[in-house]
Amino acid sequence: MTPVLILAQPKENSEKERGFCARLSSISSKTGQRLADRDAKLEEKRNQIENRINEHRSGRNTRLEEKRIKWDTNRAEHFSMLEEKAQTDEGKQAVFIFIETISAAIAVRRAAVDRAIQNFREGIENIKASRMVSADTAISAFRNSIGTAYESAQSECDNGEDQSTIRQNLRNQLRTARQNFVEAKQEIGNQKTQMETLITTKREATKAAIDEFKAILEQARADFKAAVGTTE
Amino acid sequence: MAKKNMAIFLVCAAIVFAILAYYLFLPERPVIDRRSGKVQMQEIVSPQATGDIDDVVNALMKELLDEESLLTEEEIDTAFVTTDGQEIDDFGQSINEDEL
């Protein structure tokens, strides 16, 4: 039994190797199909990311608008009551100045906040685009390497070269293609540093706008009290 | 033994009280829902107009808080940008050496 078993193994490998060129087209086709499937999945994921981000942005735009309308209405009520309470000309003047100052300051603050949001969103889009380019470059190089490897193998088959050698060459080339792809993927990175910078920039811009507004508000309050305190 | 049990009970009670106090008494605390990407905050109520300048200023400060919550939400988008990592990685599995 043993001698038969020993012979059986090499015969099985030899059959695989002898039939390699006959199977090459089918193998290449399956690899091509897997690449196409992954292309489709990646595109689907990218669309999902795009849609999700756009959906959230749209929702936030709506809520920001609603909040601003709500606070505008509330502020108008407060200003109206301030005006009602002012009894003297000096008091009325103080209210007028306070309202004008605050209304202008709010407009400036909102413009600064809107700019910060816009810049942040543009930054996100740039990061997304850059990531896409890096990924597509790596994938394209990988796909080309695979294609070249299969073409070489086919050419060698057509030339009637030793099939076990062709098979081994192809394996080596595909392994190298995968290794190169893994290295290229690392270059894509996770954009963490870029996004942290983006977040920091946005926070600094909005903080500056808010701090400026608060300073104007406190000064306006002090001026109002100083004016009203002397007359009412 | 009784003293030890009492000590454990008092420590547990203090922890429970601290947690309750945190959720009941602290002002609006943003919680970010990672699935929806929304910051869930208690609704900031617009204060009633009284004609008092301090109440006006208080209302304006609350408006700032309300707007700030949305600004924080913008940052959630950064988490979505790299969620295609697995799909990119999977290209490496296109080659099946066992087929050769």
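I started with the largest cavity, and its volume comes out at about 90 Å³. My working meaning of cavity, on a 1 Å grid over the protein atoms alone, is a set of points where a 1.4 Å probe fits but cannot get out, and lining residues have an atom within 4 Å of a point. Grid points are joined across faces, edges and corners, and a volume is the space filled by probe spheres set on the points. This is a predicted model, and I take local features only at pLDDT of at least 70 and side-chain atom pairs at pLDDT 80 or more, while totals for chains, interfaces and linings use all residues; side-chain values use heavy atoms, with hydrogens and water left out, residues are numbered from 1 along each chain as its sequence is written, and chains are lettered from A and ligands numbered from 1 in the order in which they are written.

**Who lines the largest cavity**
I listed A:R46, A:I49, A:E50, A:K128, A:R131, A:M132, B:V81 and B:D84. Helices α2 and α3 of chain A each put at least two residues into this lining. For the record, helices (H or I, at least four residues) and strands (E, at least two) are DSSP runs, numbered from the N terminus. Sorted by class, I get five charged residues, three nonpolar and no polar. In that sorting Ala, Val, Leu, Ile, Met, Phe, Trp, Tyr, Cys and Pro are nonpolar, Asp, Glu, Lys and Arg are charged, and the others, Gly among them, are polar.

**The other cavity**
How many cavities of 30 Å³ or more does a search of the whole structure find? It finds two. Around it I noted A:W71, A:N74, A:R75 and A:H78 from chain A, plus B:V56, B:A59, B:L60 and B:E63 from chain B. Two elements give two or more residues here: α2 of chain A and α2 (53-74) of chain B. The class count for this lining is four nonpolar, two polar and two charged.

**The largest pocket**
Next I went to the open spaces, where a pocket is an open set of grid points with protein on both sides within 12 Å along at least five of seven lines. The largest pocket holds about 150 Å³. It has 12 lining residues, and those closest to its centre are A:L82, A:K85, A:F224, A:V228 and B:G51. In chain A, α2 (20-85), α3 and α5 (192-231) each supply at least two residues of the lining. The top contributor is α5(A), with three residues. By class I read six nonpolar, four charged and two polar.

**A residue on α5**
I also checked A:A227, which sits in helix α5 of chain A. It is partly exposed, at 26% relative accessible area; I call a residue buried under 20%, exposed over 50% and partly exposed in between (1.4 Å probe, protein chains only).

**The disulfide**
Which cysteines form a disulfide? They are A:C21 and A:C157, with sulfur atoms 2.0 Å apart, against a cut-off of within 2.5 Å for a pair of cysteine sulfur atoms. A:C21 is in helix α2 of chain A and A:C157 in helix α3 of chain A, so the pair ties together parts 136 residues apart in sequence. The link is left-handed, with -85 degrees about the S-S bond. Both A:C21 and A:C157 are buried. Over all chains, the structure holds one disulfide.

**A:I27**
This residue is in helix α2 of chain A and counts as buried at 4% relative accessibility. Apart from neighbours within four places in sequence, A:I27 is in contact (heavy atoms within 4.5 Å) with A:F20, A:Y150, B:E99 and B:L100.

**Chain B and confidence**
Chain B has four helices and two strands, in the order α-β-β-α-α-α along the sequence. I find 36% of its 100 residues buried.

Last, I looked at pLDDT, the predictor's confidence in each residue from 0 to 100. Chain A has a mean of 91, and 91% of its residues reach 70 or more. In chain A, helix α1 (residues 2-18) is lowest, at a mean of 49, and helix α3 (residues 89-158) is highest, at 96. Over residues 1-11 of chain A, pLDDT stays under 50, and the model has zero contacts beyond four places in sequence for them.
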